[in-house]
Amino acid sequence: MVGLGDSAALGPHAVRMRTAFQRRTGAFGPEDPWFETRARAFWDDALATQGFASLAAEVLGDETRAIAECIARAHRGFFLVEDVDERGACLVDLWSGAELLVRHIDETQALTFEHAEGAMDARVTGGPSGADLFLLPGAYHHPADALEPAIEVLGVAKKREMSTREALDALMRMELVFRSSSRVKAGFAYRVESLDHRPA
């Protein structure tokens, strides 16, 4: 599905979706050290939130339609990783309160679960069989020292009745501020006053 982002049929949609993602979460480019992680987060957003998976399924045919439907229903959350074992991990969503048992999709993800220190903005989906839950590969890890101020920000976002996308996109903008300056502490970057700020 992601490979179709460079195709003549769906390339313009991918460009439009990337622009929308950066408008909501902050701009980034190939020269940035965080480009790869932000690019993976973009593809999770494009596939699940902006509908690229459904567009791709129309091109790829019926065999991918069930997968696209699962991705479209993915649950986005701000997760802490707990109880990691050889099969998967328990993810606790600090935004919704959900606790989800997910399976590893590969060894890299298993290592990511095992060494996760802070919270991650991620999407969880079921497979076509519905028996297991899986984490999409674009999980975006926030720094460990941002956890406390991020929880405070989310508490205010709930009181303001912000949507999941609004609240978690705001945290991604704050994380970009934190990454972009070596002198900024997490408590300065992750703050309630920045909840409604949008990049120019």
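In this predicted model, Glu175 is buried, with a relative accessible area of 2%. Its salt-bridge partner is Arg38, and the closest N and O atoms of the two side chains are 2.9 Å apart. The count of salt bridges comes to nine, whereas the count of disulfides is zero. The points below are grouped by topic.

- Side chains of opposite charge can pair when their charged atoms come close.
- The bridge between Arg38 and Glu175 links helix H2 (residues 35–49), which holds Arg38, with helix H7, which holds Glu175; the two residues are 137 residues apart.
- Arg38 has a relative accessible area of 0% and is therefore buried, the cut-off for this class being under 20%.
- Asp169 forms a salt bridge with Arg24, with 2.6 Å between the closest N and O atoms.
- That pair also links distant parts of the chain: Asp169 belongs to helix H7 (residues 164–180) and Arg24 to helix H1 (residues 11–25), 145 residues apart.
- Asp169 and Arg24 are both buried.
- A salt bridge also joins the side chains of Arg123 and Asp45, at 3.3 Å from N to O.
- Because Arg123 lies in strand E4 (residues 120–126) and Asp45 in helix H2, this pair ties together parts of the chain that are 78 residues apart in sequence.
- Arg123 is buried, and Asp45 is buried as well.
- Through shared partners, salt bridges join Arg24, Asp45, Arg76, Asp121, Arg123 and Asp169 into one network.

**Negative surface patch**

- Glu82, Asp83, Asp85, Glu86 and Glu99 form a negative surface patch.
- Within this group, Glu99 is located in strand E3 (residues 99–103).
- Glu99 has a relative accessible area of 57% and so counts as exposed, since that class requires over 50%.

**Cysteines**

- Cys70 is buried, at 8% relative accessibility.
- Cys90 is likewise buried, with a relative accessible area of 8%.
- No disulfide is counted in the model.

- Ala157 is placed in helix H6, which spans residues 147–159.
- With 0% relative accessibility, Ala157 counts as buried.
- Ala157 and Asp196 are separated by 39 residues in sequence, and their C-alpha atoms are 9.7 Å apart in space.

Terms used: Residues are numbered from 1 along each chain as its sequence is written. This is a predicted model: local features need pLDDT of at least 70, side-chain atom pairs count only at pLDDT 80 or more; totals for chains, interfaces and linings use all residues. Side-chain values use heavy atoms; hydrogens and water are left out. Patches are made of residues with over 30% relative accessible area and no salt bridge: like charges are joined within 9 Å, nonpolar side chains (Val, Leu, Ile, Met, Phe, Trp, Tyr) within 5 Å. Accessible areas come from the Shrake-Rupley method with a 1.4 Å probe; for residues, only the protein chains shown count as cover. A salt bridge is a side-chain nitrogen of Lys or Arg within 4 Å of a carboxyl oxygen of Asp or Glu. Lys and Arg count as positive and Asp and Glu as negative; His and the chain ends are not counted. The place of a charge is taken as NZ of Lys, CZ of Arg, CG of Asp or CD of Glu. Helices (H or I, at least four residues) and strands (E, at least two) are DSSP runs, numbered from the N terminus. Buried means under 20% relative accessible area, exposed over 50%, partly exposed in between (1.4 Å probe, protein chains only). A disulfide is a pair of cysteine sulfur atoms within 2.5 Å.
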